[in-house]
Amino acid sequence: MTDGRRVYLDKQSPAAYRALVHTADAVRATAAEAGLDRILVELVNLRVSQINGCAYCLDVHTRAALRAGETTRRLGVLPAWRDTELFTARERAALALAEATTDPADRLAQDRAYGAARAVLDDEEISAVIWVAIAINAFNRVSILSRHPVRDAAPATAPAPATAAPTSAATDPTSASAALPVDATA
């Protein structure tokens, strides 16, 4: 039996977490250099987070996708992306690669994903999509195992509580729980 308390891995091992954030920074740069647009990156982040069941990352990346111009309609059907015509061939290829990266034991799915990706993405883009999926998988695990909460945002007119934690580059300033990590793939 457990008392339900979890170690916030990012706080307990800040050097390791900073290394993960630096990796995510490099992945973000790689995606930009490969020409992946922000919406495609956020779709990958969201699909992986859906598969892993990471509420914290789903919250962060839903907001990021909306800021990037994604529609609520496409976000709503993302779990069933294969059954819609709402996603481009590039997005579909990236989503298949993201799923194959998240479940690497399914070699047949990997082969199909690579085949589809080769038709619409170049090597640089394929590599960048896979790195985005690897990075968000790592952040999902940190948040899931730490049980980072998703809290309702305070009303915009409410003053910040006197006990609010200071924000930094490694925290989400848009979150009601500023002491928690930002998902650096955002």
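How many disulfides does the structure hold? The structure holds zero disulfides, a disulfide being a pair of cysteine sulfur atoms within 2.5 Å.

This is a predicted model, in which local features need pLDDT of at least 70 and side-chain atom pairs count only at pLDDT 80 or more, while totals for chains, interfaces and linings use all residues. Residues are numbered from 1 along each chain as its sequence is written, and side-chain values use heavy atoms, with hydrogens and water left out.

**Cysteines**

**Salt bridges**

Side chains of opposite charge can pair when their charged atoms come close. A salt bridge is counted when a side-chain nitrogen of Lys or Arg is within 4 Å of a carboxyl oxygen of Asp or Glu, and a search of the whole structure finds ten salt bridges.

| Pair | N to O distance |
|---|---|
| E42 and R38 | 2.6 Å |
| R63 and D59 | 3.1 Å |
| R74 and E91 | 2.8 Å |

E42 and R38 are four residues apart in helix α3 (residues 38–52), which means that about one helical turn separates them; helices (H or I, at least four residues) and strands (E, at least two) are DSSP runs, numbered from the N terminus. Within this pair, E42 is buried with a relative accessible area of 0%, whereas R38 is partly exposed at 31% relative accessibility.

R63 and D59 both lie in helix α4 (residues 55–68), where they are four residues apart, about one turn of the helix. R63 is partly exposed at 23% relative accessibility, and D59 is partly exposed at 26%.

The side chains of R74 and E91 also meet in a salt bridge. Because R74 lies in helix α5 (residues 72–77) and E91 in helix α6 (residues 89–102), this pair ties together parts that are 17 residues apart in sequence. R74 is buried, with a relative accessible area of 12%, and E91 counts as buried at 9% relative accessibility.

Finally, R47, R82 and E99 are linked in a network of salt bridges.

Technical notes. Buried means under 20% relative accessible area, exposed over 50%, partly exposed in between (1.4 Å probe, protein chains only).
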